[in-house]
Amino acid sequence: MPLTPVLTQRFGTEKPWLIENYEKLNGYAGLKKALTLQPDDLITMVKDSNLRGRGGAGFPTGLKWSFVAEPRGVERGQRYVVVNADEGEPGTCRDLPLMMNDPHSMIEGIIIACYAIRASQAFVYIRGEAIHAIRRVTAAVQQAKARGYLGTNILGTGFDCEIVVHGGAGAYICGEETALLDSLEGRRGQPRLKPPFPATNGLYDKPTTVNNVGTLASVPYIVLGGADWFKALGPEGSPGTSIYSLSGRVKNPGQYEAPMGTTLRELIDLAGGMSRGKEMKFFTPGGSSTPMLTPEHLDLPLDFDSVVKVGSMNGTSAVMIFDEDDCVVRATKKWVEFYKHESCGKCTPCREGTYWYVGIYERLENGTATIEDVETLLDLSDNILGRSFCALGDGATSPVTSSIKYFRDEYVRHVENHGCPYPGARVLAGAH
Amino acid sequence: MSEEQVFDAEPANFRTSVIQLDRPGDPSVFDVSTVADARAIIARYPEGGARSALLPMLHLVQSVQGQVSPDGIAFCADQLNITKAQVAAVATFYTMYKKNPTGDYLVSVCTNTLCGMLGGDDIYAALREHLGVAAGGETTGDGTVTLEHAECLAACDYAPVLTVNYEFFDNQTVESAKAITTELRNGAKPTPTRGAPLCTFKQIERQIAGFFDEQTAAPDAPSIGTPGLAGVKLAADRGESAPSYGEGA
């Protein structure tokens with residue numbers, strides 16, 4: 001597969017975060033074109049492009065927009081676009097670089113989205129730790145306003161739009177859209193029961209569309225290139241490009257934008273091969289919440305539909321790559337510690353389940369686990385999966401069940417060896 | 001059992017540290033400029049949505065006190081006309097609100113799976129020893145550096161990473177991390193790999209609350225490193241690009 005930089009095309013150019021540089025590289029041309037179209041035609045265009053949400057779930061963006069645009073009787077100001085920029089899924093490192101380098105592409109997408117769904121107010125919820133992204137996006141909003149792309153009567157069309165940049169405060173759960181809305185309303189970030197969905201009862205109980213950074217940044221290109229152009233970039237069902245964020249045991253980790261459906265074998269090749277000359281042992285196709293895959297999946301097209309067929313998910317196309325010297329139990333232990341820390345505590349199966357997960361993984365590492373513990377992990381997983389409000393609990397089970405599925409023998413070796421069989425293994429006291 | 005005894009039983013609990021029955025918190029310790037800033041935050045949100053200002057406002061009180069104290073809780077409650085219990089419930093939920101005074105520089109080492117296995121665990125352990133601090137966000141005796149371990153900082157392609165007041169120091173080693181903290185303790189300001197020149201923890205909290213000026217907007221600060229450029233560079237080397245826009249465009 002060839003590399004096809006679309007969203008990353010301005011990376012490495014002269015300060016693309018400054019509006020004058022962004023404009024030189026075709027910036028805000030998409031907005032200018034969009035404002036000549038009818039809002040409904042824009043929604044149809046995005047529907048036709050089959051753009052699917054880049055935040056993990058892959059929900060069709062045009063359809064999402066149409067839900068919010070539906071209630072015609074509702075006044076323009078009474079609905080919202082909210083941008084989920086709370087990137088924090090382990091392995092995922094795509095939205096922050098995009099906002100730090102090319103914030104205007106996302107902002108242009110936001111303005112187009114607001115125009116399409118007839119909103120006049122958007123909020124960008126950026127995770128609090130991402131100060132440099134908050135800084136760049138805040139400056140970009142000010143520049144866009146000074147140029148007349150934001151504010152009142154945008155480019156003389158009579159369309160008004162404002163964007164508020166909102167920094168979070170450190171909670172992975174706020175990447176869940178309803179928890180994000182609660183957090184944005186100044187509450188603890190805990191998920192809401194759905195239905196009602198944000199499309200009808202979102203921010204301040206108003207119709208709201210919550211879109212990911214990469215999703216919105218794709219919109220100006222769709223407007224400029226057309227739905228067919230975008231569709232042709234990727235395979236059937238998974239149109240467009242994907243920014244594969246490669247990390248771990250490869251020579252050149254980084255952001256590689258290629259058509260959706262690129263295989264891991266091709267990605268490792270793009271990244272210069274494995275860093276330690278070892279064989280690839282396991283990888284996540286899209287962050288820690290997507291069940292891990294193994295060398296048998298090296299030639300699997302990494303797109304929305306193909307990955308689901310083998311029991312995982314494309315997620316955020318954050319590909320973490322580990323080699324044969326990496327202990328899968330240690331990796332999983334650190335992931336479940338993350339989920340335990342980040343569980344918001346609302347639902348018992350997730351809150352308690354992740355707590356008991358960690359205890360068992362500690363026993364596996366300190367050598368006191370029994371073979372029954374492995375079965376207990378599976379039993380626990382059965383009691384977490386599908387039994388909580390949101391997907392955090394489900395995500396916590398992914399590394400556990402998938403690692404046992406593919407590497408049960410390694411768990412057994414931890415039990416029989418009374419601790420991690422890998423050289424250099426040690427328990428890191430107090431790190432969690 | 002008196003109320004005091006109940007609260008003494010759990011000294012490490014953040015909830016009890018920000019809601020203290022014997023110390024209700026004094027909102028008046030914040031001056032007029034902080035009040036003006038709080039009003040400016042509220043003004044960002046639509047009518048009826050004032051409470052949305054709470055998260056940025058808690059960052060604002062941290063920018064004054066270096067922590068969220070009972071005073072900060074009382075201040076936010078006053079400004080938003082909600083109860084202190086409502087504010088405390090929020091303040092205790094999010095990890096960026098600190099219950100203890102934070103040093104001038106908050107050093108966060110990612111120990112999630114990817115960074116941890118590529119060296120982050122070693123870096124965190126080494127810094128604890130190097131700085132002589134206990135686990136769990138402790139501060140050096142001179143008040144310069146607070147060390148914490150962090151969950152994924154969304155920079156896995158630069159692993160292992162640490163941040164100083166949330167600015168990125170990429171591709172760290174035990175030695176480079178030690179050198180950074182030594183510099184910080186000596187009053188120097190090492191340059192982040194990606195992000196603006198370092199300021200203090202209080203100053204960065206003001207930025208997180210959404211207040212930037214010409215200097216803190218740092219238009220010249222680096223935003224990308226080798227991993228971020230890897231794909232576009234390789235594409236250029238190979239002469240590959242996305243197909244140009246089609247007809248109807």
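Leaving aside residues up to four places away in sequence, Met45(A) touches Ile222(A), Val223(A) and Ala227(A), where two residues are in contact if their C-beta atoms, placed from the backbone, lie within 7 Å. Met45(A) belongs to helix α3 (residues 39-49) of chain A, helices being DSSP runs of H or I with at least four residues and strands runs of E with at least two, numbered from the N terminus. Met45(A) is buried, because 20 other C-beta atoms lie within 10 Å, and the cut-off for buried is 20 or more such atoms.

This is a predicted model, in which local features need pLDDT of at least 70 and side-chain atom pairs count only at pLDDT 80 or more, while totals for chains, interfaces and linings use all residues. Residues are numbered from 1 along each chain as its sequence is written, and chains are lettered from A and ligands numbered from 1 in the order in which they are written.

Further along chain A, the axes of helix α14 (residues 348-366) and helix α15 (residues 371-384), which are lines fitted to C-alpha atoms over the stretch in contact, come within 10 Å and cross at roughly 165°. The two helices α14(A) and α15(A) are therefore roughly antiparallel, a term for angles over 145 degrees. Their contact includes Trp356(A) and Tyr357(A) of α14(A) and Leu377(A) and Leu380(A) of α15(A).

Chain B has 10 helices and five strands, and 52% of its 249 residues count as buried. Between the chains, the contact takes 80 residues from chain A and 70 residues from chain B.

Definitions and conventions
Buried ≥ 20, exposed ≤ 12 C-beta atoms within 10 Å, placed from the backbone. Axes fitted to C-alpha atoms, helices over the stretch in contact; angles between N-to-C directions. Parallel < 35°, antiparallel > 145°, perpendicular 65-115°, else oblique.
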